Amino acid sequence: MTSHFYAMILAGGGGTRLWPMSRQDRPKQLLPLTEAERSLFRVSVERLAPLFPPERIYVVTSRSCFDEMHADVPSIPSANYIVEPYGRNTAPAAGLGMTVINQRDPQATVAILTADHHIQDVERFLKALEAARQVAGKGKIVTLGLRPDHPSTGFGYIHQGEHCDRIADFGVFNSLGFVEKPDEETAAGFLRSGEYSWNSGMFIWTTQRAMEEYERQQPMMYGQLRTIGAALDSPAWVDTLESNWDNIRNISIDFAVMENARDMVVIPVDIGWNDVGSWGSLFDVLALDREGNHFRGHTAANVVLDTCNTLVYSDKLTVTIGIEDLIVVETPDALLLCHKDRSQDVREVVSKLLTTKNYKYL
C-alpha cells in the first residue's frame with residue numbers, strides 16, 4: 001500500500017568538488033546551484049510531492065545542516081529529520097533512517113534517495129519508484145540503474161542479469177553484482193555490452209528486508225541500531241544515539257550491504273539524471289547561451305566578449321574576454337579559476353586546505 005511507502009533522503013554529504021561554494025556548514029544540497037531560488041534539497045523534496053506527502057518523507061542529515069534544511073522545507077515534520085551526531089558514511093546513515101522508520105511503521109517500504117541530484121524527467125522517475133515499490137513488496141531489494149550514455153569512469157556500475165519481472169513498462173532484471181569505478185577501456189566495454197547501468201545509489205526495499213540484511217552482513221552495526229531504535233522518541237534518545245555512534249563502523253552502504261545482498265534486482269531507467277557532482281557536470285544541467293556559457297550573478301551588467309564554454313558564479317560585475325572552457329567561482333573569501341576539464345580535481349583543493357590546516361576555508 002502506498003500509505004506505507006516512504007522516501008528517505010540522505011542529505012549529509014560534503015560536496016567537496018563544488019568548493020568554494022560548498023562548505024562544511026553549508027554543503028551543496030543547501031545551495032541553489034541548478035536554479036536561482038531553490039536549493040538542491042528543496043528541489044529534491046518538491047519533486048516527490050505527487051507520490052510522497054511531507055509526513056512520509058524522512059531526512060537524514062547533520063547537526064550543522066538541520067536548522068537551515070528545516071527552514072528551507074518546513075512542511076516536513078521535525079520528527080522526520082534524523083540528525084546524525086556526525087557523519088559516518090552511508091551505511092550507518094541509511095541504517096539509522098531505516099531503523100527509525102521501522103520502529104514507527106514495521107510495514108514500511110522505503111526509497112533511499114539523495115538530496116543533491118538533478119532529475120529532468122520527474123514523471124518517469126516517480127513511475128519508476130512506484131514500480132520499484134511493487135517489486136520490493138515481493139521481498140526484493142531494488143536499485144534504479146541509470147542507462148549510461150557515455151563510458152564514464154566516475155560512476156560505479158551494476159551488471160544486469162536475466163529479465164525476471166515487468167511492472168507497467170519497466171523491465172526488472174536480476175543483479176549480477178556491483179562494479180567499482182572502472183578505467184576508460186572497461187567502461188567502454190560496459191557501454192557496448194548493454195548489460196550495465198550506472199549505480200544511482202537509489203535503493204528501494206522494505207524495512208524488514210533492510211534489517212535482515214544488516215543483521216546478516218553487519219551484525220555489530222545491526223545490534224547498535226537496535227539499541228538506538230529502542231530509545232526512539234524517549235528522553236534517552238540523544239544519549240543512546242551518541243554513545244553508540246562513536247563506535248559504529250564507517251562504511252558505505254554499497255560495501256556494507258548491497259554488494260552481497262540477497263534478492264537484488266535492477267530497474268534500468270532513463271530519467272535525465274545528473275549527480276551535480278562537480279562544476280563541470282553543471283554544464284549538463286544549466287541553461288547555456290549560444291556560446292555554451294552560463295553566468296550567475298550580475299548577469300545584466302556583465303561584459304562577455306569572445307567567450308565560450310565558460311561557467312561563472314559571482315556577485316561582482318564580471319568581464320570575460322577571449323576565454324573558453326573556464327570555470328570561475330567567487331565567494332566572499334575565495335576565488336576558484338579552473339579549466340573545465342579539471343573540475344574533478346577541486347576535491348584536491350579541500351584536501352590541501354585540510355593538510356595545511358586552513359579550516360576557515362572549508
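This report walks through a strand, a helix pair, the cysteines and one arginine.

## Ground rules

The model is predicted, so local features need pLDDT of at least 70 and side-chain atom pairs count only at pLDDT 80 or more, while totals for chains, interfaces and linings use all residues. Residues are numbered from 1 along each chain as its sequence is written, and side-chain values use heavy atoms, with hydrogens and water left out.

Let's start with S9, residues 196-206. Helices (H or I, at least four residues) and strands (E, at least two) are DSSP runs, numbered from the N terminus. Ten of the eleven residues in S9 are buried, so the strand is largely enclosed by the rest of the structure. Buried here means under 20% relative accessible area, exposed means over 50%, and partly exposed is in between (1.4 Å probe, protein chains only).

Now for the pairings, where two strands pair if DSSP finds at least two bridges between them. S4 (residues 109-114) runs antiparallel to S9, joined by four bridges. Ile-204 of S9 is the bridge partner of Ala-111 and of Val-142. Trp-198 of S9 is the partner of Tyr-157.

## Helices H6 and H7

H6 (residues 207-217) packs against H7 (residues 219-230) at about 130°, with the axes 5 Å apart. That makes H6 oblique to H7. Axes are lines fitted to C-alpha atoms, for helices over the stretch in contact, and angles run from 0 to 180 degrees between N-to-C directions. Under 35 degrees counts as roughly parallel, over 145 as roughly antiparallel, 65 to 115 as roughly perpendicular, and the rest as oblique.

On the H6 side, Met-211, Tyr-214, Glu-215, Arg-216 and Gln-217 meet Pro-219, Met-221, Tyr-222 and Leu-225 of H7. Contact means heavy atoms within 4.5 Å.

## Cysteines

There are zero disulfides in the structure, a disulfide being a pair of cysteine sulfur atoms within 2.5 Å. Take Cys-338: the closest cysteine sulfur, in Cys-308, is 16 Å from its own sulfur, too far for a bond. Cys-338 is buried, at 9% relative accessible area, whereas Cys-164 is partly exposed at 35%.

## Arg-347

Arg-347 is found in H10 (residues 346-355) and is partly exposed, with a relative accessible area of 37%. Leaving out residues up to four places away in sequence, Arg-347 touches Thr-16 and Arg-17. Phe-295 is 52 residues from Arg-347 along the chain, and their C-alpha atoms are separated by 23 Å.
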